Amino acid sequence: MTDHSTDRTPHGRPHQTLLLGGRIHAHGSPEATAMAVENGTIVWIGQDGPGRALHPAAETVDLDGAFVAPAFVDAHVHATSTGLHLTGLDLTGLRDGTELLAALRTAAQPGHLLVAHGWDSSAWTDPRVPSRAEIDSATGGVPVYLSRVDVHSALISSALAELAPGIRDAEGWSDDGPLTRTAHHLARGAMRDGLPTAQRRHAQEAFLRTAAARGIVSVHECAGPDISGEQDLADLLDLARDPALPEVVGYWGERGGAATARRLGVPGLAGDLFADGSLGSHTAALHAPYDDRPDTSGAAYLDPDGVAAHLTDCAGHGLQAGFHVIGDAAVTAVVDGFRLAEQTLGHRALVAGRHRLEHLEMVTSEQASELARWGVTASMQPLFDALWGGTGGMYATRLGTNRAAGLNPFATLASAGVALAFGSDSPVTALDPWAAIRAAVHHRTPGSGLSARGAFTAHTRGGHRAAGVHDGVTGTLRPGAPAHYAVWETGELVAAGTDSRVRRWSTDPRSGVAPLPSLAPDAPLPVCVRTVRSGTVIHDRDTSTPRGHA
């Protein structure tokens with residue numbers, strides 16, 4: 001892809017940019033090859049010849065056949081944790097506890113806090129996790145925090161336990177194994193408090209630059225007192241004021257936190273406000289016990305009254321509310337709480353809140369219909385199903401095949417009218433939007449997936465809408481829309497529906513359906529060449545620094 005500067009303003013910055021020779025993802029103009037941007041806004045889309053004639057003074061960019069599409073939004077991330085994972089020790093590829101201990105011996109440094117993420121004993125050849133004594137021996141007394149892949153439990157060293165007063169008396173404490181529930185929150189807080197400011201900033205910047213390199217123009221940081229801390233979120237929001245980095249929409253998951261939300265300048269008390277935990281750590285709240293742990297049905301952190309009180313409080317302060325909710329018992333509590341809040345607030349006020357639910361993995365069709373009536377957005381992660389779905393996956397191990405088959409029902413929610421916004425829950429799953437879209441299309445439970453177009457919309461326009469942007473154009477490529485786009489190197493484009501009866505119509509250019517790259521399981525996924533936020537390049541594969549306007 002080549003830039004050809006033909007005219008610039010007196011200040012040395014391009015007034016207009018004209019992209020030529022590409023494949024533009026524009027509904028109603030599936031054969032468009034050119035797009036013009038002025039002052040951060042898309043002003044025209046069409047063919048190369050008319051584009052040159054209409055914009056003779058523009059800086060031109062030769063796309064060389066590249067695919068241009070709306071940039072992605074990741075609607076659920078944890079920036080610092082992901083950045084630490086990207087810049088530090090990666091535990092995701094380990095095969096057993098012996099390999100974990102070997103990795104710790106190599107990485108531990110005296111005087112430094114060791115933070116690592118991604119171990120998953122359910123996928124190991126030997127599921128036994130190392131004891132605390134083994135971790136202490138491998139790391140020589142260094143404070144160690146090792147989060148499980150779902151980030152709802154962790155292995156720690158004795159040195160880290162000493163930094164968390166009261167942890168040994170907290171719910172979820174284990175003398176030798178992974179910590180869950182309150183004990184895990186205390187351990188994570190001790191890790192966070194021990195993290196040097198420079199290391200945190202380096203991690204956050206690494207996360208944002210990686211997101212930009214994945215074609216992501218905006219992320220929703222799901223913070224809270226049990227997740228990352230107020231200073232962590234404040235630092236991230238400050239860093240993201242740089243227009244050469246992706247936008248950060250911050251959420252603070254705390255009940256009664258209106259003053260904190262105002263202080264931080266965030267739109268909502270949402271994100272990871274926990275109604276329950278996670279399936280991987282046996283803390284998602286279930287109506288019936290876990291198949292592989294019949295002694296527990298998980299952990300419920302909110303009841304319907306608590307949910308209703310939070311919704312009412314947010315309405316009084318003009319804030320968006322939201323909850324982390326996974327297990328079926330937790331979903332029931334949240335839905336019951338919405339019903340109670342409707343009695344207090346009225347339907348119109350409840351809908352006006354634009355509230356959102358994170359994960360929402362175990363939801364029935366009846367509950368989906370109610371959520372749609374309240375205007376709730378489901379912020380979901382398709383790679384959960386790709387990693388843990390299917391008859392032989394972690395979901396089936398935890399819940400049995402019958403219950404597992406009902407998880408992440410994208411089609412059920414979409415058909416009921418629930419707005420979807422896709423994300424990664426990074427570092428739980430990778431920052432890989434195309435892989436997430438493919439996972440949503442090829443759901444492991446037949447009938448639960450979406451069309452490619454529906455999944456793509458959920459990962460682009462859906463994320464902007466979840467954050468309260470309802471201007472009708474943001475997240476699309478059309479005149480008047482902010483110039484948030486990504487340029488991709490990819491193969492043939494296709495416009496295929498999930499229903500063979502309409503496929504012939506939808507692939508006809510006269511239909512106006514904008515095609516997408518192939519999402520077949522064996523097809524190579526697109527490679528990001530450039531990411532642009534409001535006309536400013538925030539990632540360019542061919543340069544190490546942003547290149548200004550595009």
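## The largest pocket

Helix α14 gives the most to the lining of the largest pocket, with four residues. (Helices are DSSP runs of H or I with at least four residues, strands are runs of E with at least two, and both are numbered from the N terminus.) A pocket here is an open set of points on a 1 Å grid over the protein atoms alone, where a 1.4 Å probe fits and protein lies on both sides within 12 Å along at least five of seven lines; lining residues have an atom within 4 Å of a point. The elements that put two or more residues into this lining are α2 (79-87), β10 and α14 (383-388).

The volume comes to about 450 Å³, taken as the space filled by probe spheres set on the points, with grid points joined across faces, edges and corners. In total 27 residues line the pocket, and Thr92, Pro427, Val428, Thr429 and Ala430 lie nearest its centre. By type, the lining splits into 16 nonpolar, seven polar and four charged residues. (Nonpolar covers Ala, Val, Leu, Ile, Met, Phe, Trp, Tyr, Cys and Pro; charged covers Asp, Glu, Lys and Arg; the others, Gly among them, are polar.)

Pro427 has something else going on: the peptide bond from Ser426 to Pro427 is cis, with omega near 15°. Pro427 sits in the loop between β19 (419-422) and α18 (433-441).

## What kind of model this is

This is a predicted model, in which local features need pLDDT of at least 70 and side-chain atom pairs count only at pLDDT 80 or more, while totals for chains, interfaces and linings use all residues. Residues are numbered from 1 along each chain as its sequence is written, and side-chain values use heavy atoms, with hydrogens and water left out.

## The overall build

The protein has 21 helices and 24 strands. Its C-alpha atoms fill a box of roughly 75 × 55 × 45 Å along the principal axes. For 550 residues, a compact globule would have a radius of gyration near 24 Å, and the protein agrees, at 24 Å. (That radius is taken over C-alpha atoms, and the globule rule is 2.2 Å times the number of residues to the power 0.38.)

Of the 550 residues, 58% count as buried. (Buried means under 20% relative accessible area, exposed means over 50%, and partly exposed is in between, using a 1.4 Å probe and protein chains only.) Among contacts between residues at least 6 apart in sequence, 70% join residues at least 24 apart, a contact being heavy atoms within 4.5 Å.

## Salt bridges

Side chains of opposite charge can pair when their charged atoms come close. A search of the whole structure turns up 20 salt bridges, each a side-chain nitrogen of Lys or Arg within 4 Å of a carboxyl oxygen of Asp or Glu. One of them pairs Asp120 with Arg148 at 3.0 Å, N to O. Asp120 lies in the loop between β10 (114-119) and α4, and Arg148 in strand β11, so this pair ties together parts 28 residues apart in sequence. Asp120 and Arg148 are both buried.

Another pair is Glu370 and Arg339, at 2.6 Å from N to O. Here helix α13 (residues 365-373) holds Glu370 and helix α11 (residues 328-345) holds Arg339, so the bridge links parts 31 residues apart in sequence. Glu370 counts as buried at 18% relative accessibility, while Arg339 is partly exposed at 34%.

## Residues worth a look

Arg354 has a phi of about 55° and is found in the loop between α12 (347-352) and β17 (356-359). Arg354 is partly exposed, at 29% relative accessibility. His359 has a phi near 80° and sits in strand β17, where His359 is buried with a relative accessible area of 1%.

Thr283 lies in the loop between β15 (268-269) and α10 (304-317) and is buried, at 3%. Leaving aside neighbours within four places in sequence, Thr283 has contacts that include His152, Arg181, Asp276 and Tyr290.
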